Amino acid sequence: MYLEEIVNIIINGLNNIDASYYRMLTTYEPLGIVRERAFCYELYHQIRTVQDKMYDGNLLTLNGEIDKRGHVHFDKNDRKNPDFVFHVPGEFERNAIVVEVKGKLYNVLKDIETLFIFTQKYNYRVGIFLIYNHNHKELLDYIKKRKRNFDRYKTNRILLISKKSVDTRVEILELQQALESI
């Protein structure tokens, strides 16, 4: 499976998500609240629907939040639980894409660090940081305010994907290119 095809599947799935998943209505907040887990469940469903329709299910496996605790090939400090992985289970050689999803500008740098570790140390070819409810400009402004040295993250193996709302288009940018612009 080509990485570009998987990215297209993710984008198509993202474009199929209903507005109610961006901000969920509650009895106590009429404008809704961000619930990343509910969004991820719906994104997983939409990705699988697109994947099965476009490719007859003949792709890499999509798994959500695989717990890396106890994994003997991961360093103890690297045992994170990314939101999604596209891979062939049981084979390091066919680790394809690792995805972190955020609905708020919070702990973004921790998720980018996770993507960096998985792409640099554990054979994932591409990391995707997917943010909804925000666009690239908002994300980059948030990163810029953190005033850290981001040189180590300048890799073309991490993509930023953003979609501010159901009515906006998906934005895609390599992290390296984004960091060079700030």
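Below are a few stops, each with something to select and look at. Keep in mind that this is a predicted model.

**Stop 1: helix H2.** Select residues 36–55, which form helix H2. At 1.5 Å a residue, its 20 residues should span 28 Å, and the end C-alpha atoms are 27 Å apart, so the two agree. Now colour the buried residues of H2: Phe39, Cys40, Glu42, Leu43, Gln46, Ile47, Val50 and Gln51. What covers them? The cover includes helix H1 (3–15) and the strands E1 (61–64), E2 (84–87), E3 (97–102) and E4 (126–132).

**Stop 2: strand E4.** Move on to residues 126–132, strand E4. Seven of the seven residues here are buried, so E4 is largely enclosed by the rest of the structure. Show the side chains: Val126, Ile128, Leu130 and Tyr132 point one way, while Gly127, Phe129 and Ile131 point the other. In a regular strand, side chains alternate between the two faces of the sheet.

**Stop 3: Tyr142.** Finish in helix H4 (residues 136–145), where you'll find Tyr142. Is Tyr142 buried or exposed? Its relative accessible area is 13%, under the 20% cut-off, so Tyr142 counts as buried. Among the residues Tyr142 touches are Tyr106, Asn107 and Val108. Leu105 is another contact: it lies 37 residues away along the chain, yet the two C-alpha atoms are separated by 7.1 Å.

Methods
Residues are numbered from 1 along each chain as its sequence is written. This is a predicted model: local features need pLDDT of at least 70, side-chain atom pairs count only at pLDDT 80 or more; totals for chains, interfaces and linings use all residues. Side-chain values use heavy atoms; hydrogens and water are left out. Helices (H or I, at least four residues) and strands (E, at least two) are DSSP runs, numbered from the N terminus. The expected span of a helix is 1.5 Å times one less than its number of residues. Buried means under 20% relative accessible area, exposed over 50%, partly exposed in between (1.4 Å probe, protein chains only). Contact means heavy atoms within 4.5 Å. Lists of a residue's contacts leave out its neighbours within four places in sequence.
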